[in-house]
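Grab a pencil and open the model in your viewer. Here are a few exercises, each with a solution worked step by step.

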Amino acid sequence: MMGTQVAPAQLFYDFCLDDHVPDDHLLRRIDRFLDLETVRTELKPFYSGIGRPSIDPELMMRMLIVGYSLGIRSERHLCEEVHLNLAYRWFCRLGLDGKVPDHSTFSRNRHGRFRQSDILRHLFETVVERCLREGLVGGEGFAVDASLIAADANKQRSVPGDEWHPDELGPDAGQAVRAYLATLDDAAFGAASAVKPKFVSPSDPAAQWTGAHKGHAFFAYATNYLIDTENAIILDVEASRAIRQAEVGASRTMIDRTDKRFGLKPRHLAADSAYGSAANLAWLVKERQIEPHIPVFDKSNRTDGTFSRSDFVFDAERDHYTCPGGKLLVQFRRTYKTPRSGITKDGTRLYRSSKSDCQNCAFKMKCCPNTPQRKVPRDIDEDARDVARALANTPAYERSRHRRKKVEMLFAHLKRILRLGRLRLRGPKGARDEFLLAATAQNLRKLAKLRAMPSHGHAAA
């Protein structure tokens, strides 16, 4: 006999929302590591003491965590999902009859209280502190890298860089444009490079026109991660322009901020060759006493069959090079009444051989076939490069190079699982907000994965 579904005619129901959220649900495991009491304390000065009660800021924080943890990119869609999903309602403390706020509430608070109080940075650092208390941060080895995230900007509506004049923008410009103007002197944005971009988006001028993916060029921001290589916990995140100079500058900012905020300073730092310039290696070695497990960025090797700089032996004590023929290359061959530094405007010292030595040398055609003498430039921070080259032959360096892949896995997770392949918000502040929330979600998911939760029944007991 075919059964028929009949709606029960009960007037009252005995229903406990907590009983309908599985013990192994991601949000239940995240919830035990989330402490939002300090969020209220940080935001309290930004609320008025009179007037109607506002939307609970903890509710908005919890809804944003749901969205970024589960890859719900639209805030309008997020509100619909929280309204319908029992687990989302339980996590947001809404119960069965709690009202879900309108999606426009997030925009109003984002451009106001959230950015004025820097609450998203505070939330991220609160989760990092929990990771520290749970023993997930080793503190010995860090890794840094950057990944490009497409901006909400259209190539068809862009203008050539030569036609973009920031000084002509008026006070009625949009929020993303005003945020761009505020970062013109910021090392991560306007001050990172004096080179004008090929195209500029009027709706989001801080986004960088880039062809770094070797395909179609697009507008993008760079999200920069500093992680602990023990368990791939994200210790800091920074938004920057999608160029190498800005990414290197962001890495320095994150290292200093992590030291100041959490008292964490690594013994060694792993990164790719984009961070292997002489100036950056010198900053790590001389100023921060951090071992650079980084491939050296060096263009001195020649490809035409003649001797490269590496074929010349440098004597630091006597300050000269020795060529393959046994002759000396020095900076000065006479004493000047006024001592000279010998440093060029490019930050190098030039070591030259004697013309007579080169003219009679058997290696001249392999050394300087087109010039009367050989000239070897040496960067003022070449000693830092030498430190990095020496470390490249150690077992610790090999371990760091292997562990550095964890930061690339985080970027893959960010784009494929959390679906942050393209930004929704515009401007440097919008990129910063999204990157902070995504990194917070990744750390919370890591906590939920690595720290097992007791069973629901045992916890209730």
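Some ground rules before you start. The model is predicted, so local features need pLDDT of at least 70 and side-chain atom pairs count only at pLDDT 80 or more, while totals for chains, interfaces and linings use all residues. Residues are numbered from 1 along each chain as its sequence is written, and side-chain values use heavy atoms, with hydrogens and water left out.

**Exercise 1. Check the length of helix H7 (residues 119-133), then work out how enclosed it is.**

Step 1. Helices are DSSP runs of H or I with at least four residues, numbered from the N terminus, and strands are runs of E with at least two. The expected span of a helix is 1.5 Å times one less than its number of residues. With 15 residues, H7 should span 21 Å, and its end C-alpha atoms are 21 Å apart, which agrees.

Step 2. Now sort by accessibility: buried means under 20% relative accessible area, exposed over 50%, and partly exposed in between (1.4 Å probe, protein chains only). Twelve of the 15 residues of H7 are buried, so the helix is largely enclosed by the rest of the structure. Among them are Arg121, His122, Glu125 and Arg130.

Step 3. Look for the neighbours, taking contact as heavy atoms within 4.5 Å. The buried residues of H7 pack against helices H2, H3, H6, H9 and H16, plus strand E6 (233-241).

Step 4. Step off the end of the helix: just after H7, Gly135 has a positive phi of about 75°.

**Exercise 2. Trace the pairing of strand E1 (residues 141-150).**

Step 1. Check burial: ten of the ten residues of E1 are buried. Gly141, Ala143, Asp145, Ser147 and Ile149 point one way, with Phe142, Val144, Ala146, Leu148 and Ala150 pointing the other way.

Step 2. Two strands pair if DSSP finds at least two bridges between them. E1 pairs with strand E7 (residues 268-270) in the parallel sense over three bridges, and Ala143 has Ala270 as its bridge partner there.

Step 3. With strand E5 (residues 218-228), E1 pairs in the antiparallel sense over nine bridges; Ser147 stands opposite Thr223.

**Exercise 3. Describe the largest cavity and its lining.**

Step 1. On a 1 Å grid over the protein atoms alone, a cavity is a set of points where a 1.4 Å probe fits but cannot get out; lining residues have an atom within 4 Å of a point. Grid points are joined across faces, edges and corners, and a volume is the space filled by probe spheres set on the points.

Step 2. Four cavities of 30 Å³ or more turn up, and the largest has a volume of about 110 Å³.

Step 3. The largest cavity has 14 lining residues, with Cys323, Cys358, Cys361, Cys367 and Arg374 nearest its centre. Helices H11 (355-359) and H12 (364-367) each supply at least two residues of that lining.

Step 4. Sort the lining by class (Ala, Val, Leu, Ile, Met, Phe, Trp, Tyr, Cys and Pro are nonpolar; Asp, Glu, Lys and Arg charged; the others, Gly among them, polar). You get eight nonpolar, two polar and four charged residues.

Note on methods: On a 1 Å grid over the protein atoms alone, a cavity is a set of points where a 1.4 Å probe fits but cannot get out, and a pocket is an open set with protein on both sides within 12 Å along at least five of seven lines; lining residues have an atom within 4 Å of a point.
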